[in-house]
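Please open the model in your viewer and keep the selection tool at hand.

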Amino acid sequence: MADKIQNRKKDVYELTHLNHLFIRNEITIPGFDGYQILKCDFHTHTVFSDGLVWPDGRIYEAWQDGLDAVAITDHIEHRINKEWLNGDLNESYKIASRAADDMDFIVIPGVEITRDKPLGHLNALFLQDANLLEKEDPMDSIAEARKQGAFIIWNHPGWPDHRVSLYPIHEQLLADNTIHGIEIMNYKDFYPQAIHWCASFKKAFIAATDIHCTTLSVYRNHLRPLTLVFAKEKSLAGIREALFAGRTVALFDGTLAGQENILSPLVKSCLKTKPMKNSCMAITNQSDLPFQITGADQHYLLPERKTVIIMLPPDNLLTFENCLIDTDLTLSIPVDELPFQ
């Protein structure tokens, strides 16, 4: 109070507590088996296509949201501001990367190949020169992306007609390993069938914002859709290696989806258990991930950083209802496989 009174005697004083530009929302998710869990968004847009945000704004925003990496994926074919912006298809990444260098943040170069169904939209990440993908035939664009060693994601398979269909072109691209990941969550849309495709074709599970405006205007007070990447190191190369190895989990609206061999150890790393009296146990969630648990015909909510006491299930099995390993299949873990305090 004395400081405020003294400040008011000055001609100008700064209200530093109002500046949130360099305040970060940390997301705590324990790693396992030596992997670092990197929080990533692989689908964002800037004013260099049809977004409303300058590229370095995307970096500050993602850093504030607690992310470790973001991909700049402006459209190749849809650049509504081209009349006023002289930059080429690499320019938005160049601007974003300068900001990322200042923030100890990772930015991934990419573009979105933007065509009508049946092909739809594909993101190509880790490009060396995005300009070389600007071709009349989209298959030539895809071939160039592969030539550059790109990681290719099938974007929002239910857009724009709200029909999620596996067309022959996608079967071909999935079978020959041209498509490496599939978005099961995009912006505000969830595609349950895409979980089955990721599981059956062994593709990376992806959740992304596809953000055009600011994330705060859409996901206020909620985590934005994220792809959790299990990397050997926090670097561009580390993320690339993990993506091609399929070590990802999609996180969206409190739901997790991924391969069982990744999702199961992730959940185990977040929890600690302790035996209690009367056939009960305490289960502690050490992470910022919520869990919905079923056991012994009882349903429990285990919020972030909380402890709940639950009945020991007679079959020794807990089912995590918000952890999906297929479209209609949830993750189950024996109680004795969970870490004890």
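Begin with Lys202, the residue that follows helix 6; its phi is positive, near 60 degrees. Helices (H or I, at least four residues) and strands (E, at least two) are DSSP runs, numbered from the N terminus. The model is a predicted one, in which local features need pLDDT of at least 70 and side-chain atom pairs count only at pLDDT 80 or more, while totals for chains, interfaces and linings use all residues. Residues are numbered from 1 along each chain as its sequence is written, and side-chain values use heavy atoms, with hydrogens and water left out.

**Helix 6**

Contact is taken as heavy atoms within 4.5 Å.

**Helix 5**

Select Tyr187, in the loop between strand 6 and strand 7. Its phi is near 60 degrees, a positive value in a residue other than glycine. Tyr187 is partly exposed, with a relative accessible area of 31%. From there, go to Val218 in helix 7 (residues 215-218). Val218 touches Tyr187, Ile211 and Cys213, leaving aside residues up to four places away in sequence. At 24% relative accessibility, Val218 counts as partly exposed. A distance drawn from Val218 to Lys188 gives 8.9 Å, C-alpha to C-alpha, for two residues 30 apart in sequence.

**Two cis peptide bonds**

Select Lys117 and Pro118, which are joined by a cis peptide bond with omega of about 15 degrees. Pro118 has its place in the loop between strand 3 (106-114) and strand 4 (121-125). Another cis peptide bond joins Trp159 and Pro160, with omega of about 0 degrees. Pro160 is in the loop between strand 5 and helix 5.

**Helix 2 against helix 3**

Display helix 2 (residues 55-64) with helix 3 (residues 91-103); they pack at an angle of about 40 degrees, with axes 7 Å apart. Axes are lines fitted to C-alpha atoms, for helices over the stretch in contact, and angles run from 0 to 180 degrees between N-to-C directions. From helix 2, Pro55, Asp56, Ile59, Tyr60 and Trp63 meet Ser92, Ile95, Ala96, Ala99, Ala100 and Met103 of helix 3. By class, this contact comprises nine nonpolar, one polar and one charged residues. Ala, Val, Leu, Ile, Met, Phe, Trp, Tyr, Cys and Pro count as nonpolar, Asp, Glu, Lys and Arg as charged, and the others, Gly among them, as polar.

**The nonpolar cores**

Which residues have the most contacts inside the largest nonpolar core? Select Leu266 and Phe291, which hold that place in a core of 45 residues. A nonpolar core is a set of buried Ala, Val, Leu, Ile, Met, Phe, Trp, Tyr and Cys residues joined through side-chain atoms within 4.5 Å. Helix 9 (residues 260-270) gives the most to this core, with five residues. Around Leu266, show Ile29, Pro30, Phe32, Ile37, Leu228, Phe230 and Val249, which Leu266 touches when residues up to four places away in sequence are not counted. A second, separate core has 34 residues, including Ile113, Leu122, Leu127 and Phe205.

**Asp253**

End at Asp253, in the loop between strand 10 (248-252) and strand 11. Asp253 is not a glycine, yet its phi is positive, about 50 degrees. With 70% relative accessibility, Asp253 counts as exposed.

How values were computed
Buried < 20%, exposed > 50% of the residue type's maximum accessible area, 1.4 Å probe, protein only.
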